Amino acid sequence: MADSYLAIQILIGIFHVFMWYFILILYMGQIKGTFGIYEPITYRTGCTLWGIVFIISGVFLIRVAKHPSQRLVVLALITNIFCVITTIIAVALTVTELSKFHSVSYKNYGQAKLGREVSRVLLFSYPLELALAFTYSIFGCIDLTVHLHISLAHDVLHDKYVGDDDDDDDDDGNSKNISCSY
């Protein structure tokens, strides 16, 4: 059940990649008219293609859920922070695109209008991605803190029960066998 929550980030990323493909086909089919073609900033920067970052982050989160390790938690945290940054930039670019609209040829007006509607739809999906990435980042930090405390407790117990010396003989020359389960 927990994997289904983690798969949401992958699904959002796939949705963004499909929207990029749709916008690519939409804007490539424009006819050069009197007023030119419509190429918004989100199209030129490949903003919706950044959904690949969401997919990679979701994969790392599922790997962490199945095989938790400190290295995977750090990688998942880094990709989630990158998702937060990417989402904030994408929102800024989309708002910039939607706030400006220059006249285009009447032949391209329908494509430009449809492309702007796609940008509006994507603008509604960005807060969801931002909330997911931010939440996973917070829990990733908590997980790292827990790993740090466990590692410190392990080191303290190891030093207390095993010690730092390399010889396993006590003062009488007898071998001592200390076992400690953590």
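Ile-55 touches Ile-10, Gly-13, Ile-14 and Val-17, leaving aside residues up to four places away in sequence; contact here means heavy atoms within 4.5 Å. This is a predicted model, where local features need pLDDT of at least 70, side-chain atom pairs count only at pLDDT 80 or more, and totals for chains, interfaces and linings use all residues. Residues are numbered from 1 along each chain as its sequence is written, and side-chain values use heavy atoms, with hydrogens and water left out.

**Ile-55**
- Ile-55 sits in helix H3; helices are DSSP runs of H or I with at least four residues, numbered from the N terminus.
- With a relative accessible area of 23%, Ile-55 is partly exposed (buried is under 20%, exposed over 50%, partly exposed in between, with a 1.4 Å probe and protein chains only).
- Ile-55 and Phe-15 lie 40 residues apart in sequence and 9.9 Å apart in space, C-alpha to C-alpha.

**How H3 meets H4**
- The axes of H3 (residues 51-66) and H4 (residues 70-99) come within 9 Å and cross at roughly 155 degrees; axes are lines fitted to C-alpha atoms over the stretch in contact, with angles from 0 to 180 degrees between N-to-C directions.
- H3 and H4 are therefore roughly antiparallel to each other (over 145 degrees).
- The contact between them includes Phe-54, Phe-60 and Leu-61 in H3, and Leu-72, Ala-76 and Phe-82 in H4.

**Thr-94**
- Helix H4 also holds Thr-94, which counts as buried at 2% relative accessibility.
- Thr-94 touches Thr-42, Ser-119, Leu-123 and Tyr-126, not counting residues up to four places away in sequence.

Methods
Helix = DSSP H or I, 4+ residues; strand = E, 2+ residues; numbered from the N terminus. Parallel < 35°, antiparallel > 145°, perpendicular 65-115°, else oblique.
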